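Dear colleague,

Please find the structure below, handed over for your own work. My notes on what was found in it follow directly after.

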Amino acid sequence: MQKMITVNINNQEYEVQEDCNIVEACDAHNIPLQRFCYHRYLPVDGSCRTCMVEIETPQGMMVTTACTTKVKPGMAIYTNSEKAVAAQKSALEFLLLDHPLDCPICDKAGECLLQDNYFDFGRYDFRRTVARYFKGGKALNAGEHIVLDQERCILCRRCIRFFDEIVRTPELGIISRGHESSISLFPEKFIRNPYSGNSADICPVGALTLKEFRFKQRVWFLKKTKSICTQCARGCSIYIEHNKNTVWRFMPRENPALNRVWMCDRGRFSFNKLHEKRIFTPLKHQEEISFNQLYDDIAELLKTRRSGEIAWVVGPFSSNETYYALKTYCGDNAVCLMPPASGERDDLLMLAEEYPNAQGATFFGLQTETAPLIDKIQKGRIAALIIVEMDLFNLRNDSFAQCLMENIHKIPLKIYLTAYRDETVARVDYVVPVRTYAETNGTFINATSLLQKACQALVPEHPDIDAACIALYTIATGARKHQRRYSDASEMYDKLRSHYDELRSFQFNQIPEYGIALNMPKRADEPFKGIHVDFNVCSTAKPLEES
Ligand code: SF4
Ligand code: SF4
Ligand code: FES
């Protein structure tokens, strides 16, 4: 439990955490205070001099930087005194002196601290009488994903601290002195580290921008939906940012105990996959059919088979609701395949398991032992195989996939629930199009046993495309659309939660922002192992994206 002390800000008393600095004390109580170089998850730098406040000291009143000054019991702080305001304005005026002010063509416009701080704390009259000093190049190719505009840089050193202290790949530095100082790549360097996209997020101005997002959308058109990254078992908290049913970027969402406010480039630039190779129409032997015919055909075909002859195969890519539907409605012949963990991994965030919900399959008690099913397939005892959201025929080095390929002729009916046109589509009798995780509500459990929700961001192309859990329910129970018990996957979650003590008190829309820590063995270490950067997030402070 953090020790609290009382300080006086602008003549009013507030309780704040004992070890926080004045910026953090203000943030905890939503007291506006300008800043550029301060960032909640980076070491304090004190370089921009814009967070000026006036404080009472034994030597008298003093104007100082708030981010470098720790609070003390009884401290009197003024963010709005005449001297504090004058100091804030003049620091801002210096930063804007040589700024190109090319906001109309700058990707940061709309989420730029320079714009926001000018309107909130500046509003001075323009006083420059001499020519502007040009600080260097525009649109320099600085990295695999990064474009650098040197003249927009305000030298806050956020990017430098991020690369030096978190990723530990020094690639950028400030060169020259005085008014000639500018941000630059180190000689022979190119930004290639696997977390490079974060530098564009934290750059308070448009000096670092993403090649994948430049000139694609104005940020004020984007809607943000709370979700998670599904590219590895870490399950970083993200926003899906979209407009007109198209995803334009993934942005990390603040979660202090998980990804803090970072994400890797592998996850960040996977957003395009949501729109690639989609399948929207049901297929019967590769011919398009209607959803009505699809579900009628499947119901007829499965009716004649005993439940022991029907096998269900899922992977660690599906949501908890899908696993629950499998366990509840689909009988005992359901297995979850775990492909080998072969992705890149490190001590920050990335995990080798390139799938999001192996823990969910464990939580719901899905069988992972495939030998009994392999035996049944080889002996021709499986009359129908339903594959759920897993490109089984694209799995390499997997004994089940191998057995399936060799014995596929022994299974008379193969049905595949998928959102994507992949290799397996061509090998089955019926294809049931389902929604991507961005088109439905759902929950996932990451490798450190945190259950998080992923909310629906997009509308599916066709109204009859269901979430996989609902399509499974329909297939397993033979229900027709008008008979269905679930109209949204969140209703499936609301049903399943009643069976688990840890979930019972949270309806889908009440699942906390930072997830629910489950009491089950973890599959991985906590993130940021060995990275010692102090940060102080007061529980009353607004999330970074909203402050
Ligand atoms: S490039 Fe951006 S983050 Fe880096 S020092 Fe300049 S303004 Fe700060
Ligand atoms: S570490 Fe994993 S979950 Fe996090 S952004 Fe990267 S791929 Fe996604
Ligand atoms: S934010 Fe405090 S000196 Fe930059």
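**Surroundings of the two ligands**

The shell around ligand 2 is made up of 7 nonpolar, 4 polar and 2 charged residues. This is a predicted model, and the values in this message are computed from it. Around ligand 2 there are 13 residues, and those that come nearest are Cys229, Cys232, Cys236, Cys264 and Gly267.

Ligand 1 is likewise surrounded by 13 residues, of which Cys153, Cys156, Cys159, Cys203 and Ala207 are the closest. The shell of ligand 1 holds 11 nonpolar residues and 2 charged ones, with no polar residue. Please note that Cys is counted as nonpolar in these divisions, whereas Gly is counted as polar.

**Domains**

The chain is divided into three parts: domain 1 covers 4-97, domain 2 consists of 103-108 + 129-274, and domain 3 spans 277-517. Taken over C-alpha atoms, the centres of domain 1 and domain 2 are separated by 27 Å. To their contact, domain 1 contributes 10 residues and domain 2 contributes 12 residues. On the side of domain 1 that touches domain 2, 7 residues are nonpolar, 2 are polar and 1 is charged.

**The largest nonpolar core**

The largest nonpolar core comprises 155 residues, and the members that touch the most others are Val313, Val388 and Leu472. Helix α12, residues 468-477, gives the most to this core, namely 8 residues. For Val388, when neighbours within four places in sequence are left aside, the contacts are Trp312, Val313, Val314, Ser318, Thr322, Leu417, Ala468 and Leu472.

Most residues other than glycine have a negative phi. Two exceptions may be of interest when you inspect the backbone.

Arg49 has a phi near 60 degrees, a positive value in a residue other than glycine. Arg49 lies in the loop between α1 (22-28) and β3 (52-57). Arg49 counts as partly exposed because it has 19 C-beta neighbours inside 10 Å, while a buried residue would need 20 or more.

For Asn245, phi is near 65 degrees, again positive in a residue other than glycine. Asn245 is placed in the loop between β12 (237-243) and β13 (246-252). Is Asn245 buried or exposed? Asn245 counts as exposed, because 12 C-beta neighbours lie inside 10 Å and the limit for an exposed residue is 12 or fewer.

With kind regards

How values were computed:
Residues numbered from 1 in each chain as written. Chains lettered and ligands numbered in written order. Predicted model: local features only at pLDDT ≥ 70, side-chain atom pairs only at ≥ 80, totals over all residues. Domains from an automatic or database assignment. Contact = placed C-beta atoms within 7 Å. Near = placed C-beta within 6 Å. Core = buried A, V, L, I, M, F, W, Y, C linked by C-beta atoms within 7 Å. Helix = DSSP H or I, 4+ residues; strand = E, 2+ residues; numbered from the N terminus.
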